[in-house]
Amino acid sequence: MMLSPDFVILTAVGYVGLLFLLAYLSDARAKSGNAGFLRSPAIYTLSISVYCTSWTFYGAVGTAARSGLEFAAIYMGPTLVFVGWWFLLRKLIRIAHSQHITSIADFLSSRFGKSSRLAVLVTLIAVVSIAPYIALQLKAITTSIQTVSVAKGAGTDHLATLDEVTLALGVAIGMAVFTILFGTRNVDAREQHPGVVAAIAFEAVVKLLALVAVGVFVVFGVSDGISDIYARAVEAGVRIHEAEPFGSRWVAVLFLSACAVICLPRQFQITVVENSNEDHLRTASWAFPCYMLAMSVFILPIALYGLSTMPPGSNPDMFVLTLPMRTGHDALALFAFIGGFSSATSMIIVASIALSIMVSNHIVVPLALRAASPGEEAGERDIARLLLRSRRISIAGMLLLGFLYFWLTQGSDALAPIGLISFAGVAQFLPAMLAALYWRTATMRGALAAISAGFVVWAWTLFLPSFDTFSPVIADVMANGPWGIRALRPEALFGMEGMDPLVHSVFWSMLANISMLLCVSALTSQNALERIQASLFVDVFRRSASFQPRILRGSATTSELFFVAERVLGWSRARALFASAGVPHRQTAPQQGVSADFIARLERELAGSIGSASAHILLTKAIAGDAISLEEMMQIADETQQAIEYSHALEVKSQELHSTAQQLKEANALLKELHQQKDEFLSQVSHEVRTPMTSIRSFAEILMVPEELTPQQRARFITTIHNESVRLTKLLDEILDLSALEQGERDWENVPVDAEGVLDQAIAVCEALARKRFVSIESGARAGSCIVLADTGRLSQVFINIIANAISHNDAKEPVVHISSRLTDDGYVVDISDNGSGIPPDYHKKIFEKFVRAEPDGAPDSQGLGLGLNISNKIVGKLNGRLELTHGTLPGACFRIVLPLWQGTQRAPVAEQV
């Protein structure tokens with residue numbers, strides 16, 4: 001086969017005709033109800049491959065030849081999204097189905113209060129950002145045609161005499177005509193386009209087979225496998241090892257490619273809008289990454305073989321085309337050309353359709369609706385015709401912008417940098433999209449400010465520098481900054497020099513974007529519609545699809561409503577919509593029988609054709625002005641109450657979770673504290689046990705050698721052993737006593753007892769200890785007989801312990817212990833005080849803790865264990881009373897026991913005893 005530019009172009013035209021025929025037959029089959037295969041997961045997955053444009057077909061080889069493994073990031077970004085972020089795609093699709101979303105601009109506009117300003121901004125940024133991408137496709141097609149011309153020396157062909165710009169203009173015009181005929185045959189943007197999707201899926205197969213065919217030819221046809229290709233590359237002096245693998249630029253490209261598969265208008269159109277079944281995403285989540293792997297597997301071998309065998313100065317982007325031609329395999333070269341042509345045409349078709357929908361829905365229609373009066377709008381304007389005309393003009397305009405960018409930047413030979421400019425531009429939508437999906441309180445002003453700031457920084461740092469070869473003024477700004485301000489140089493903003501221009505732009509644009517989103521959203525509030533839409537988007541999996549904000553009934557008749565629907569949807573669809581809802585479409589009286597549910601449904605259907613913001617404006621103008629019926633007011637109030645209750649339920653649940661977390665935190669702290677107390681307790685007990693045991697053991701060993709002791713020494717040592725044994729027994733008793741109190745005694749029972757009688761018995765028990773220590777016990781004012789609920793033994797234990805402590809620790813020259821009792825409003829009160837040096841202030845707050853012994857300075861070591869007061873405090877607590885350290889009648893320590901009186905106890909006269 002002998003290739004020539006004319007033959008190549010004729011083949012491309014024939015291929016386009018085949019695509020048109022395929023689309024026409026697919027649409028016809030879908031309309032007849034036989035669209036099963038056309039709406040299958042396989043077709044859906046293949047259509048997503050519209051991501052693989054001429055950049056990934058031609059440019060990936062060029063990138064591999066120039067930058068090594070950087071090309072892999074272009075494939076890995078989408079793979080990571082579909083494998084790791086499938087939940088985000090699933091949420092996007094669910095929202096698009098429930099809200100009748102038509103584009104990425106409609107998505108952001110609908111989420112943030114159906115804001116027309118935000119929709120216009122996103123549309124304009126998308127148009128500007130995609131212009132370089134369309135220019136890339138034009139460049140790829142014209143370069144491939146010129147490559148054929150140069151390789152074959154086809155100077156006599158008509159097309160061979162055309163220069164690059166003229167050829168690109170011809171391609172742009174042809175693609176505009178084809179896209180208009182191909183993509184604007186119906187007005188409903190939300191209606192599925194099985195013909196378009198089928199054609200894109202077919203092109204996906206063609207470009208995959210073409211690239212794989214060239215790869216197999218290079219690896220196994222003209223080489224002896226991968227190892228041979230690498231050996232040739234080494235012999236030719238080609239660097240086969242990465243100098244800086246996975247550097248900052250590689251990460252930036254990976255991030256941008258992941259953003260692009262979500263934020264590019266064509267990807268949103270195919271992945272989200274054209275999705276007919278949410279479950280298809282399950283297949284795409286593994287099948288699309290497999291497709292990307294198949295597209296990338298031969299990229300590096302083709303690049304290395306081309307660098308090794310092609311003449312110096314050859315364009316690496318065209319290796320896929322020039323390698324087969326160089327060896328005389330023209331049929332394979334033609335197949336490769338068709339594969340690259342498929343990659344370019346699929347992108348141009350879908351991108352132009354998506355952008356034309358955005359322009360018509362969010363710019364043209366809103367302007368027409370706002371400029372017209374309600375009567376003119378309903379009676380004179382054919383909205384469907386306006387939509388079709390505006391979309392066709394938008395497609396032509398998009399191709400014109402792409403051509404202009406191609407013409408102004410034709411000095412660049414590489415395809416990849418042009419594509420990355422577009423990727424970085426649409427990446428400015430990502431923060432607002434994530435906020436739309438997951439941040440309930442993000443505001444429209446925050447999203448507007450964020451996207452605007454990111455776009456301005458992107459345009460200054462990346463888009464503007466792409467024109468430096470065209471304009472000396474731009475070149476001067478690049479070198480010296482505006483007005484000589486070097487800190488504002490586009491590729492060295494604020495003095496950040498030496499950084500890769502792409503990384504530099506991504507860093508500053510994302511920083512500005514995210515910062516504005518966070519700050520402005522925090523400083524502004526949402527309106528009512530924003531709050532409703534936020535709830536619908538963030539909680540899409542929790543709410544039913546039927547819950548929608550409603551427009552109130554107005555003064556329009558059902559005939560007028562039908563007229564509006566007919567102009568947008570067409571007569572057949574409008575009639576079917578009204579008939580399914582049981583609403584007559586010829587009624588001229590005010591629409592008394594039209595429910596708010598039907599108006600909400602009508603708005604959703606209109607949104608599927610003209611976008612949510614335009615549909616909201618159209619219906620609001622058409623039905624504004626009528627009073628609200630009581631039934632509708634109650635229904636609106638009920639919906640508002642449901643929203644409030646739902647919000648309250650979420651708040652309560654959040655508070656419960658916070659409370660539970662706080663309780664777990666407190667419980668964990670308590671467990672740690674108890675664990676520490678247990679360790680301290682065991683350590684103290686072991687110390688207290690070890691001391692008497694050591695004494696007993698030591699003196700016992702001495703007594704084992706009786707011939708060395710006198711009778712007096714033996715008697716003294718035996719007495720010491722006895723005393724230490726008593727002390728050890730007392731320690732064990734107190735530990736058992738404490739354990740019983742903390743765990744709860746089974747036989748504990750509080751019964752009515754005479755507290756004064758128990759106190760007298762305790763004083764009598766302590767008389768012997770007082771005489772031994774030469775301590776006087778004074779009895780002050782007494783309460784007389786009174787009844788309290790207590791355990792007699794335990795109450796006596798408390799009185800004895802406190803009196804014995806007052807006796808044992810009294811270091812006065814003439815020690816005295818004073819005991820008094822009385823009845824007060826708090827109950828039965830006993831004060832036990834002494835005239836010793838008292839308890840040091842440092843011990844006042846911890847005197848009732850375990851093993852605390854507060855000895856006065858210079859006093860001998862106490863034989864106490866520091867458990868008595870702790871046990872007494874626990875006993876009094878079980879008696880529903882309290883034990884306190886207070887100030888008494890004597891200068892030393894004073895302990896006060898307060899117990900509640902038993903019901904029926906009468907306050908008796910106070911008796912004085914000496």
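Which residues touch the most other members of the largest nonpolar core? The legends below take up this question and then turn to several other close-up views of the model, which is predicted.

**Figure 1. The protein chain as a whole.** The predicted model shows a protein chain of 914 residues, of which buried residues make up 52%. The chain holds 33 helices and nine strands, and it exposes about 40,900 Å², with carbon and sulfur atoms supplying 60% of that area. When contacts between residues at least 6 apart in sequence are considered, 80% of them join residues at least 24 apart.

**Figure 2. The largest nonpolar core and the surroundings of Met433.** The largest nonpolar core has 167 residues, and those touching the most other members are Leu92, Phe107, Ile130, Phe429 and Met433. Helix α16, which spans residues 330–371, gives the most to this core, with 18 residues. Apart from this core lies another, of 42 residues, which includes Val753, Ala762, Ile819 and Ile832. If its neighbours within four places in sequence are left aside, Met433 is in contact with Leu92, Ile104, Phe107, Leu108, Ile262, Cys263 and Phe268.

**Figure 3. The crossing of helices α5 and α24.** Two packed helices are described by the angle between their axes and the distance between the axes. For helix α5 (residues 86–99) and helix α24 (residues 528–538), the axes come within 9 Å and cross at roughly 130°, and the two helices are therefore oblique to each other. On the α5 side Lys91, Ile95 and Gln99 take part in the meeting, and on the α24 side Gln533, Leu536, Phe537 and Val538 do.

**Figure 4. His818 in strand β5.** His818 belongs to strand β5, which covers residues 816–824, and with a relative accessible area of 15% this histidine is buried, because buried means under 20%. The side chains of His818 and Glu778 are joined by a polar contact of 3.5 Å. Neighbours within four places in sequence aside, the residues in contact with His818 are Glu778, Gly780, Asp831, Ile832, Ser833, Thr889 and Leu890. One of these, Ile832, is also among the residues of the 42-residue core.

Figure 5. Asn315 sits in the loop between α14 (299–309) and α15 (319–326), where its relative accessibility of 25% makes it partly exposed. The side chain of Asn315 reaches the backbone nitrogen of Asp317 at 3.1 Å, while Asn315 and Thr147, which are 168 residues apart in sequence, are 9.3 Å apart in space from C-alpha to C-alpha. Ile514, in helix α23 (residues 501–523), is likewise partly exposed, with a relative accessible area of 40%. Ile514 and Gln428 are 86 residues apart in sequence, and their C-alpha atoms are 9.2 Å apart in space.

Figure 6. Most residues other than glycine have a negative phi. Phe774, however, has a phi near 60°, a positive value in a residue other than glycine, and this residue is found in the loop between α31 (755–772) and β2 (776–779). At 71% relative accessibility, Phe774 counts as exposed. Asn880 has a positive phi too, near 65°, and lies in the loop between α33 (868–878) and β7 (882–886). Its relative accessibility of 61% places Asn880 among exposed residues.

Terms used
Residues are numbered from 1 along each chain as its sequence is written. This is a predicted model: local features need pLDDT of at least 70, side-chain atom pairs count only at pLDDT 80 or more; totals for chains, interfaces and linings use all residues. Side-chain values use heavy atoms; hydrogens and water are left out. A nonpolar core is a set of buried Ala, Val, Leu, Ile, Met, Phe, Trp, Tyr and Cys residues joined through side-chain atoms within 4.5 Å. Buried means under 20% relative accessible area, exposed over 50%, partly exposed in between (1.4 Å probe, protein chains only). Helices (H or I, at least four residues) and strands (E, at least two) are DSSP runs, numbered from the N terminus. Contact means heavy atoms within 4.5 Å. Accessible areas come from the Shrake-Rupley method with a 1.4 Å probe; for residues, only the protein chains shown count as cover. A polar contact is a pair of N or O atoms within 3.5 Å; within protein, one must be able to donate a hydrogen and the other to accept it, and residues adjacent in sequence count only if both atoms are side-chain atoms. Axes are lines fitted to C-alpha atoms, for helices over the stretch in contact, and angles run from 0 to 180 degrees between N-to-C directions. Angles under 35 degrees count as roughly parallel, over 145 as roughly antiparallel, 65 to 115 as roughly perpendicular and the rest as oblique.
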